[in-house]
Amino acid sequence: MRQTRREFLKTITRGAIATALPIGAFKFLSPREARAAVASSNVRWGFLVDTYKCVGCGFCVKACKLENEVPYDAPVTRTWVERYVILKNGRMLADTPMGARDGFTDPKVQEQEVNPRDIAKAFFVPKLCNQCENPPCVQVCPVGATYQRADGVVLVDRSWCIGCGYCIMACPYGVRFFHPIYHTAEKCTFCIHRLVKGMNTACVDACPFGARKVGNLKDPNDPVTQVILNQRVAVLKPEYGTKPQAFYIGLDENVR
Amino acid sequence: MKSHVLRPLWVVLVVIGLILVARYFVVPPDFGIYERGFMYGFHRKSNEKEWEAFKVKYRTKTYCKDCHPDKYESNMSSKHHVIQCENCHGPAIDHPENPPKLTINRKRSLCIRCHAYLPYPTSQRAKIKGIDPKEHNPGMECVTCHNPHKPDMEGW
């Protein structure tokens with residue numbers, strides 16, 4: 001079949017319109033929406049954990065649960081503290097009883113007595129949602145119930161979540177769980193209700209030793225941003241490409 | 001002209017139409033793609049405001065200062081000045097309206113969160129004076145001998 005260039009272009013254009021039309025019927029972008037989609041916010045919340053300062057008292061976990069109405073005696077929590085004990089023979093012991101809600105008071109780790117002389121290093125690592133720049137948990141949501149705000153915080157719309165649990169499986173850091181009462185996906189909100197009022201998150205306020213800090217990563221003068229820019233910090237599981245926005249000072253290779 | 005091809009086509013079109021109508025009523029009007037694009041920003045915008053309206057419960061030390069100045073002063077001049085009152089007394093919420101009183105926890109478990117000795121020389125825990133809860137006056141509340149707000153032992 002012979003075709004002129006004009007006919008070819010016409011067919012292509014018609015084809016493109018024909019495929020675009022059905023999609024267009026589902027979603028029209030208003031000019032306001034389109035502008036919002038490209039406008040960037042001047043706030044990006046990030047977190048800084050100093051593992052050297054943590055003593056494992058667990059007040060952050062207690063405060064988070066009470067502040068955010070996560071059932072206190074259920075074995076789920078939005079933030080938790082892990083204890084790592086690395087022995088001189090290279091063996092690693094780690095635990096987090098009830099997410100460290102009541103702190104670490106027992107020298108036994110994983111029900112085992114540890115001889116103090118065998119310990120090479122021992123430390124505590126607080127964990128919480130990393131509010132990743134590329135959150136895999138959001139990508140997998142089939143209904144648009146979990147999403148990222150302009151300031152980077154990932155939230156769950158409880159009225160829209162169908163409880164399929166895909167996001168819980170997708171998070172490489174295990175920060176998501178089912179809320180025992182609402183039966184919807186639940187996660188750390190960076191206490192967004194406090195941040196928008198100019199306060200710190202509940203866990204940051206509760207920490208007596210300054211092991212936790214929250215800050216605006218888009219403000220170069222923010223103390224948290226200063227530390228991330230000028231000091232040696234690491235993130236958890238960088239190999240997943242999720243770009244976590246919770247940074248750790250003194251992260252050990254044994255921490256996963 | 002009646003066509004066995006066209007008839008199912010009409011049925012399909014009507015079904016699609018019904019779905020679009022149903023969708024119009026079921027999907028909230030503010031559901032859309034926002035700042036973070038299709039992949040991360042597809043959501044109901046008003047949900048952000050719902051989360052922002054969540055009740056603040058922990059009010060921090062400055063809230064207690066005016067009504068309990070004695071406790072505040074004594075605590076702030078002590079080695080325990082880093083600890084928030086609400087860590088030991090629970091969230092203030094709207095205290096003293098609701099709840100009218102905060103809990104007073106005299107249990108040993110409260111103090112040994114920090115003071116139970118753990119042999120971890122490489123962590124900050126080692127810098128807090130530790131006791132062995134099984135040896136250090138077992139069975140008695142710590143506050144019978146120590147002041148929780150100002151535990152400093154100068155002059156002992």
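**Starting from one serine**

A: Ser74(B) is found in helix α5 (residues 69-76) of chain B; helices here are DSSP runs of H or I with at least four residues, strands are runs of E with at least two, and both are numbered from the N terminus. The model is a predicted one, where local features need pLDDT of at least 70 and side-chain atom pairs count only at pLDDT 80 or more, while totals for chains, interfaces and linings use all residues. Residues are numbered from 1 along each chain as its sequence is written, chains are lettered from A and ligands numbered from 1 in the order in which they are written, and side-chain values use heavy atoms, leaving out hydrogens and water.

Back to the serine. Ser74(B) counts as partly exposed because its relative accessibility is 21%, where buried means under 20% relative accessible area, exposed means over 50%, and partly exposed is in between (1.4 Å probe, protein chains only). If you skip residues up to four places away in sequence, Ser74(B) touches His149(B) and Lys150(B), contact being heavy atoms within 4.5 Å. Thr62(B) sits 12 residues from Ser74(B) along the chain, and their C-alpha atoms are separated by 14 Å.

Now zoom out a bit. Chain B is divided into domain 1 (10-52) and domain 2 (61-144), with bounds that come from an automatic or database domain assignment. The C-alpha centres of those two domains of chain B lie 49 Å apart.

Two prolines in chain B are worth a look too. The peptide bond from His95(B) to Pro96(B) is cis, with omega near 5°, and the bond from Asn98(B) to Pro99(B) is cis as well, with omega near -5°. Pro96(B) is in the loop between α6 (85-89) and α7 (108-115) of chain B, and Pro99(B) is found in the loop between α6 and α7 of chain B. For background, most peptide bonds are trans, and most residues other than glycine have a negative phi. Over in chain A, Gln131(A) has a positive phi near 45° without being a glycine. Gln131(A) lies in the loop between β4 and α4 (136-139) of chain A, and it counts as buried because its relative accessible area is 0%.

Next, the other chain's side of things. Asn47(B) is found in helix α3 (residues 46-52) of chain B, and it counts as buried because its relative accessible area is 2%. Leaving aside neighbours within four places in sequence, Asn47(B) is in contact with Tyr147(A), Val156(A), Asp157(A) and Arg158(A).

That leads to the interface as a whole. Here 68 residues of chain A are in contact with 45 residues of chain B. The area buried between the two chains is about 5,100 Å², with carbon and sulfur atoms giving 59% of it; buried area is the accessible area (1.4 Å probe) that two parts lose on being put together, summed over both. In chain A, Phe59(A), Tyr147(A) and Trp160(A) lose the most area to chain B, together 11% of what that side buries.

Salt bridges are part of the picture. The rule finds 6 of them across the interface of chain A and chain B, a salt bridge being a side-chain nitrogen of Lys or Arg within 4 Å of a carboxyl oxygen of Asp or Glu. One pairs Glu48(B) with Arg149(A), the closest N and O atoms being 3.6 Å apart. Within chain B, the side chains of Glu35(B) and Lys45(B) meet in a salt bridge at 3.2 Å, N to O. This pair links distant parts of the chain, with Glu35(B) in the loop between β1 (31-33) and α2 (37-40) of chain B and Lys45(B) in the loop between β2 (42-44) and α3 of chain B, 10 residues apart. Glu35(B) counts as partly exposed at 24% relative accessibility, and Lys45(B) does at 25%. Salt bridges that share partners join Arg149(A), Asp151(A), Glu35(B), Lys45(B), Glu48(B), Lys49(B) and Glu52(B) into one network.

Finally, a pair inside chain A. The side chains of Glu67(A) and Arg194(A) meet in a salt bridge at 3.1 Å, N to O. Glu67(A) lies in helix α3 (residues 59-67) of chain A and Arg194(A) in helix α6 (residues 192-195) of chain A, so the pair ties together parts that are 127 residues apart in sequence. Both Glu67(A) and Arg194(A) are buried.
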